[in-house]
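Hello,

Here is the structure you asked to look at. Please open it first, then read the notes below it.

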Amino acid sequence: MLDLNKHFIDGAWSSSSGDVIEAIDPSTETVFARVARGTANDVDHAVNAARAAFPAFAATPVGERIRLLEAIASGLEARRTEISEAMSVEMGVPRKAADAVHFPSGPAHFREAARVLASFAFDEQQGSTMVTHEPIGVCGLITPWNFPINQVACKVAPALAAGCTMVLKPSEISPWSAAIIAEVIADAGAPSGTFNLVQGDGLTTGSALTVHPLVDMISFTGSTRAGVEISKAAADTVKRVTLELGGKSPNIILPDADLEDAVSKGVARCFNNSGQSCIAPTRMLVPRPLLEKAEAIAARVAGETLAGPADSPGSVIGPVANAAQFAKVQAYIEAGVASGARLVAGGPGRPDGIVRGFVVQPTVFSDVDPSMAIAREEIFGPVLCLIPYEDENDAVRIANDIPYGLAAFVQGRDMTAVRRVARQMRAGIVQMNYPPVDRSAPFGGYKQSGNGREWGVHGLREYLEVKAMVGFG
Ligand code: NAD
């Protein structure tokens, strides 16, 4: 049994003053770790360490911070096997995907932050006014479990680049990888108190961080529900709150798209990480005359997407991360059937032959009405809705008629039409014809998908204050 009943504060591991949470391996439903539930005292200790470290770290030369970021990236690479294994156990991603898909985002965010920092203009002269950018201070970073290393790295890297100090509260579901990352950051030479890790849940630990008066900013990624609670709780101390929240991304297949390619890749992206991706293209919008063909392709790909335990070499996708998520996804699948959507792949229950673990059958519904709950609410499981549309205006209307606005996807051969549709999407990210990942592109949502932007130079700016020195000369 792994002992994670400790926090990393002021350069050292310290015992927790609270009770413990049992972390469960979603493939086996067995407890793999005892994790500290950080108390308000633990959070206070960590925030004070970060506060004390702030003036010196804020004053470090840019070159030194670049070296630190690069050393962290190399340190992560040196512990790749261990980190991938941890993610696979804690949230159920198959071992191969943990290594090939999840892991690389960690070092990549640190290297990207170093690249951005190297050319960032902290001072900008505007006439006789000097506009300067300064680190905001102590940051509370609250992350989800779905892409553990990515979520931590895309907050810690720009915060360090900016010259901020921080307290990370990772998800209680992914505490193991976070503990290893804390060791890597310390080993890379981060001064004591610069980076602190407090393990725990949202209700006790996350909320103590959110209301702490010495925290200048909360960067939160997670559900819209928690984002609303955090915004309200942080309001009393007027701290900056940046939110990266849920999504229900449309994937518009234009009539001239290569249907086989557009649909099969769209299904794979929807099921990626067992559907536990905030940008997952879960609503596939298909021209009505092509619905039957699209349905057949989607059903075939779903059938080929083997869902199973993370340590089984045959598993394309693993279980969903916890029992509550499993119950929620099952309830949505049952609601989809009850609402009259046509089930063309998967369905309720575990896949045949699997008796244990939170494994969900990759499921496709067709002829889904955009007003149905399965078409409007974030399921966060391997469930795809095919929604027919009449013409381009209808597709744009359906795509935007939703409270979320994180990502949108558009597929087609005629780039004039693809770009025209992309410009009409009310979403922070539009991906055209499944491009490769661009970590310098801003990542964040419109509407109830959030208000912040991460990655690249936009990510760095989130952690900076802007000061106008008027009459500077
Ligand atoms: P969650 O909201 O339950 O928890 C996220 C984090 O917030 C965890 O660390 C949790 O302990 C903490 N937390 C929960 N309630 C809190 C509170 N009241 N105060 C302080 N902290 C609190 O989300 P989850 O289940 O871990 O992750 C899934 C959600 O995250 C999905 O909705 C998904 O779309 C979203 N997400 C968004 C992005 C994005 O970039 N927009 C990326 C990944 C995941």
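Around the ligand there are 30 residues, and those that come nearest are Pro144, Gly202, Gly206, Gly222 and Cys278. Keep in mind that this is a predicted model. Two elements give two or more residues to the shell around the ligand: helix H8 (202-211) and helix H9 (224-235). Helix H8 gives the most, with four residues. Sorted by class, the shell has 15 polar, nine nonpolar and six charged residues.

Next, Glu244. The annotation "active site" in the UniProt record, an unreviewed entry, covers this residue. Glu244 is in strand E12, which runs over residues 240-244. Is Glu244 buried or exposed? Glu244 has 27 other C-beta atoms within 10 Å, and a residue needs 20 or more to count as buried, so Glu244 is buried. Leaving out residues up to four places away in sequence, Glu244 touches Thr221, Gly444, Gly445, Gly450, Gly452 and Glu454.

Last, the protein as a whole. The protein has 16 helices and 22 strands. Its radius of gyration is 22 Å, close to the 23 Å that the globule rule gives for 473 residues, so the protein is as compact as a globular protein of that length. Along the principal axes, the C-alpha atoms fill a box of roughly 65 × 60 × 40 Å. Of the 473 residues, 56% count as buried. Among contacts with a separation of 6 or more, 72% are between residues 24 or more positions apart.

Regards

Terms used. Residues are numbered from 1 along each chain as its sequence is written. This is a predicted model: local features need pLDDT of at least 70, side-chain atom pairs count only at pLDDT 80 or more; totals for chains, interfaces and linings use all residues. The radius of gyration is taken over C-alpha atoms; the globule rule is 2.2 Å times the number of residues to the power 0.38. A residue is buried if 20 or more other C-beta atoms lie within 10 Å of its own, exposed if 12 or fewer, and partly exposed in between; C-beta atoms are placed from the backbone. Two residues are in contact if their C-beta atoms, placed from the backbone, lie within 7 Å. UniProt positions are given in the numbering used here, feature names are shortened, and annotations may be inferred rather than shown by experiment. A residue is near a molecule or strand if its C-beta atom, placed from the backbone, lies within 6 Å of it. Ala, Val, Leu, Ile, Met, Phe, Trp, Tyr, Cys and Pro count as nonpolar, Asp, Glu, Lys and Arg as charged, and the others, Gly among them, as polar.
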